Amino acid sequence: MQSYEHGGDIYRNNVRVDFSVNTNPLGMPKAVSAALRENLDVCEKYPDPHCEKLRQAIARFEAVPESSIACGAGAADLIYRLVFVQKPKKVLVCAPTFSEYERAVLIYGGQIVYHTLREEDGFALTERILDDMTADIDMVFLCNPNNPTGRLADTGILKSVADKCSKSGVTFVLDECFLPFTRGESLKYLPHVVVLKAFTKIYSMAGLRLGYMLCGDSDVINAVRDHTQTWGVSSLAQIAGIAALEDCSGWIEQTLNLVETEREYITSRLRGLGLEVYDSDANFILFRAEKPVYEPLLKRGILVRDCANFKGLGEDCIRIAVKRREENDELIEEIGRII
């Protein structure tokens, strides 16, 4: 049985509150759940293989041409498809970061080069990454904000990476799936950058599997579109995506306000317990605990993300999602009892 590498193992554990996955604490928008209920009959038909209406909705929302959009069953699906069609030989990724970049590259025979994010820098991306972009690198993956550290990258540094990649013919893949939880700037307007986005997190649609890729290079988009099964995105996922983009006015701002307030609250409370908590710009927080907390919390029905399998982190590192105040208080009180 495949292990759960990303949290969310609620099926083999008695979990009351899941802090291991970083979906929206507000849950799924009511407009999305209503659209799903009202359109269950579409399950009787094959989905649109071209996602035409969904791509039109994304184009309006992102203010980009439809021709620059490829849809998939989550951002992970698009990562694997992109790596498959380009088959990079040597890929630069950060450590720690989302493990699916590395996994996709290794599956298709590539080699990974790590750029280590320093703890003394608060795991922030610095210009040191430019030194690791050697002549033999042919693809770069960056996550902004980075998972699991939660740090937003400086836009100037990202543009420097993009510029160096463009001049060297290197594919620059920027994962912005958590960007809607921040006030950071997207690089979708740079034509040579491959930007990944997903409905998974901000609209709490993890089970529906829906993501999209933006890129001004038509060769990249067309190749990714062509290399998939015919019906790669379900009818319900397409309906949910359209509803999320067209019927959820103010949803992101409402989410931002909650996340910013609760993130500051959790950070302050955990530091008050004497824990080392790293600054975060996202809807999740990374901290270190000298005493083991994962198993004791799980026995209490609370699931957090053990970060031991992130390169550059250890068993004492825990990532937690930002949730509503009542749930956050329960987590903090239980951690206090444990330590």
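A residue is called buried when its relative accessible area is under 20%, exposed when it is over 50%, and partly exposed in between. Tyr-278, at 7% relative accessibility, therefore counts as buried. Keep in mind that this is a predicted model.

## A ring pair across the sequence

What does Tyr-278 pair with? Its partner is Phe-123: the two ring centres are 5.1 Å apart and the planes sit at 70°, so this pair is edge-to-face. Phe-123 is buried too, with a relative accessible area of 3%.

How many aromatic pairs turn up in the whole structure? A search finds nine. One of them joins Phe-98 and Tyr-101, again edge-to-face, with 5.4 Å from centre to centre and 80° between the planes. Phe-98 and Tyr-101 are both buried. Bring in Phe-141 and you have a cluster, with ring pairs linking Phe-98, Tyr-101 and Phe-141.

Thr-97 sits in the loop between β3 (90–95) and α4, and α4 itself covers residues 100–107. With a relative accessible area of 10%, Thr-97 is buried. Its side chain makes a polar contact with the side chain of Asn-146, at 2.7 Å.

## Arginines over rings

Two arginines are worth a look here. Arg-325 lies over the face of Tyr-265, 3.6 Å from the ring centre. Arg-319 has its charged end over the ring of Phe-284, at 5.8 Å from the centre of that ring.

## Out on the surface

Which residues make up the nonpolar patch on the surface? Phe-84, Ile-107 and Tyr-108 do, and together they have about 250 Å² of accessible area. Ile-107 is part of helix α4 (residues 100–107). Is Ile-107 exposed or partly exposed? Its relative accessibility is 48%, so Ile-107 counts as partly exposed.

Key: Residues numbered from 1 in each chain as written. Heavy atoms only, no water. Patch = residues over 30% accessible without salt bridge, like charges linked within 9 Å, V, L, I, M, F, W, Y side chains within 5 Å. Areas by Shrake-Rupley, 256 points an atom, 1.4 Å probe, with all protein chains shown as cover. Salt bridge = Lys/Arg side-chain N within 4 Å of Asp/Glu carboxyl O. Helix = DSSP H or I, 4+ residues; strand = E, 2+ residues; numbered from the N terminus. Buried < 20%, exposed > 50% of the residue type's maximum accessible area, 1.4 Å probe, protein only. Phe/Tyr/Trp six-rings, centres within 6.5 Å; stacked < 30°, edge-to-face > 60°. Lys NZ or Arg CZ within 6 Å of the ring centre and 35° of its normal. Polar contact = N/O pair within 3.5 Å; in protein donor to acceptor, adjacent residues only side chain to side chain.
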